[in-house]
Amino acid sequence: MWLIRGLDFTAVALSQNLATPSEELSTSFRNSYGNTLKPYHSFLVKPVMSAAMSATPYRKDFYIKLGEDPAKVEAEMNVWVAALEAILVILKAFLDRKEAKW
């Protein structure tokens with residue numbers, strides 16, 4: 001289940017960042033953390049994660065590393081994030097089934 005939470009964290013952060021072009025990655029990941037992983041972390045882990053969010057690259061640096069054409073990068077990222085979200089729906093539905101309770 002922890003892996004799915006991590007993927008969900010990533011999908012929410014990247015989706016939010018793509019939807020808000022003026023937002024830095026650190027803000028998107030902080031917001032995503034608060035909505036996905038934070039409820040499962042202890043008081044010892046939360047400050048570490050907060051520090052990790054500050055270590056995310058600047059938006060302009062991150063997206064230029066993915067490709068030189070910003071429109072193409074954004075289009076491909078949207079496809080990738082949508083595919084990740086679709087996979088997460090399938091995984092969550094599977095794990096919610098009685099048969100998946102080990």
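In which helix is Gly6 found? In this predicted model, Gly6 belongs to helix H1. The residue is partly exposed, with a relative accessible area of 23%. Although Gly6 and Tyr33 are separated by 27 residues in sequence, their C-alpha atoms lie 9.4 Å apart in space.

The protein as a whole contains 5 helices and 0 strands, and its secondary structure follows the pattern α-α-α-α-α along the sequence. Along the principal axes, the C-alpha atoms occupy a box of roughly 45 × 30 × 20 Å. Of the 102 residues in the protein, 28% are buried. Among contacts with a separation of 6 or more, 61% are made by residues 24 or more positions apart.

The packing of helices H1 and H2 was examined next. Two packed helices are described by the angle between their axes and the distance between the axes. For H1 and H2, the angle is about 135° and the axes are 8 Å apart. H1 is therefore oblique to H2, an angle over 145 degrees being required for a roughly antiparallel arrangement. The crossing of H1 past H2 is right-handed. On the H1 side, the contact is made by Asp8, Phe9, Val12, Ala13, Leu14, Gln16 and Asn17. The H2 side contributes Leu25, Thr27, Ser28, Phe29, Asn31, Ser32, Tyr33 and Thr36.

Asn17, a member of helix H1, is also one of the residues in this contact. Its relative accessible area is 0%, and Asn17 is therefore classed as buried, the cut-off being under 20%. With residues up to four places away in sequence left out, Asn17 touches Glu23, Glu24, Leu25, Ser28, Arg59 and Tyr63.

Ser26, Phe29, Arg30 and Tyr33 of H2 meet Lys46, Met49, Ser50, Met53 and Ser54 of H3.

Aromatic side chains were considered in turn. The model contains 2 aromatic pairs. Phe9 and Phe29 form an edge-to-face pair, with 5.4 Å from centre to centre and 65° between the planes. This pair links distant parts of the chain, as Phe9 lies in helix H1 (residues 2-19) and Phe29 in helix H2 (residues 25-36), 20 residues apart. Both Phe9 and Phe29 are buried. Phe62 and Tyr63 form an aromatic pair that is likewise edge-to-face, with a centre-to-centre distance of 5.1 Å and an angle of 80° between the planes. Phe62 is partly exposed, its relative accessible area being 25%, whereas Tyr63 is buried, at 12%. The two residues fall into separate classes because buried means under 20% relative accessible area. Tyr63 is also among the residues touched by Asn17.

A further ring is approached by a charged group. The charged end of Arg5 sits over the ring of Tyr40, at 3.6 Å from the ring centre.

Note on methods. Residues numbered from 1 in each chain as written. Predicted model: local features only at pLDDT ≥ 70, side-chain atom pairs only at ≥ 80, totals over all residues. Heavy atoms only, no water. Phe/Tyr/Trp six-rings, centres within 6.5 Å; stacked < 30°, edge-to-face > 60°. Helix = DSSP H or I, 4+ residues; strand = E, 2+ residues; numbered from the N terminus. Buried < 20%, exposed > 50% of the residue type's maximum accessible area, 1.4 Å probe, protein only. Lys NZ or Arg CZ within 6 Å of the ring centre and 35° of its normal. Axes fitted to C-alpha atoms, helices over the stretch in contact; angles between N-to-C directions. Parallel < 35°, antiparallel > 145°, perpendicular 65-115°, else oblique. Left-handed = near helix turned anticlockwise from the far one by under 90°. Contact = heavy atoms within 4.5 Å.
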